[in-house]
Amino acid sequence: MMKKIIILLFAIAAHQILFSQKKEIYINDNLEEISKDEYNKRNKNYRFQNIETDSVLYKVRVEHEGNGKLTTPNLNIVKKRLNIPEKNTKNIVINYYQGLDKCNEHSDTNPYVIDDIKTYTRKFKSINSNLYFVYREKNGLKNRLKKANWVDDTSGTIENLFFRMKYPCNSAIVIFSDGHYKIFRGEYIWETVLNTAKEKY
């Protein structure tokens, strides 16, 4: 009798564990569902992050470097948000800060990060590209706010166009005069973005 009770209790516990686990759904950057096999394809351009809700664990396959093209109205929305005249045809480079996270929590006191702001503002100017520092929220930016003219995107205008989810550290976008763009989702290398801005579409 005792043996049957133990087996029954074990079966109930196993059942509860099975059904208390969160459902896993695999998605890409565009919030489209993908297969587990597609998610598991490893490539140096892909990163992986999780988004959790009460009942679902979304396993996201992030394309670190991507391409796209803005419609003319959306390009003009970006220019308006950054206070750029519509007729200005210089490349637009955006360093985008979505907020404080584990990846960037020490960046505001890192002298190398702060020096990069001044260095790359100068470098992008030398290749006839405008560099803009844009924030979704100020938390974690106290020192860096003093080193450049930051643009407020608390309305989420630029975030909604380019970032469907939160990415670690800063992200970057290079927008060419015809609306084509290259995006770097999450932590990036400044020189890679600079070299991209030198390209022509």
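Cysteine 169 counts as buried because its relative accessibility is 10%, under the 20% cut-off. In this predicted model, cysteine 169 is joined to cysteine 103 by a disulfide. The other topic here is helix 3, residues 72–81, whose buried residues are Leu75, Val78 and Lys79.

**The disulfide**

- The count of disulfides in the model comes to one.
- The sulfur atoms of cysteine 103 and cysteine 169 lie 1.7 Å apart.
- Cysteine 103 sits in the loop between strand 5 and helix 4 (111–126), and cysteine 169 in the loop between helix 5 and strand 8, so the bond ties together parts that are 66 residues apart in sequence.
- The torsion about the S-S bond of this pair is about -80°, so the disulfide is left-handed.
- Cysteine 103 has a relative accessibility of 33% and therefore counts as partly exposed, whereas cysteine 169, at 10%, counts as buried.

**Helix 3**

- Leu75, Val78 and Lys79 are the buried residues of helix 3.
- Viewed down the axis of helix 3, these buried residues fall within an arc of 100°, so they line one face of the helix.
- Pro73 and Lys80 are exposed on the other side of helix 3.
- The elements that cover the buried residues of helix 3 include strand 5 (91–97), helix 5 (157–162) and strand 8 (171–175).
- Asparagine 83 follows helix 3 and has a positive phi, near 60°.

Key. Residues are numbered from 1 along each chain as its sequence is written. This is a predicted model: local features need pLDDT of at least 70, side-chain atom pairs count only at pLDDT 80 or more; totals for chains, interfaces and linings use all residues. Side-chain values use heavy atoms; hydrogens and water are left out. Buried means under 20% relative accessible area, exposed over 50%, partly exposed in between (1.4 Å probe, protein chains only). Helices (H or I, at least four residues) and strands (E, at least two) are DSSP runs, numbered from the N terminus. The arc is that of the directions from the helix axis to the C-beta atoms. Contact means heavy atoms within 4.5 Å. A disulfide is a pair of cysteine sulfur atoms within 2.5 Å.
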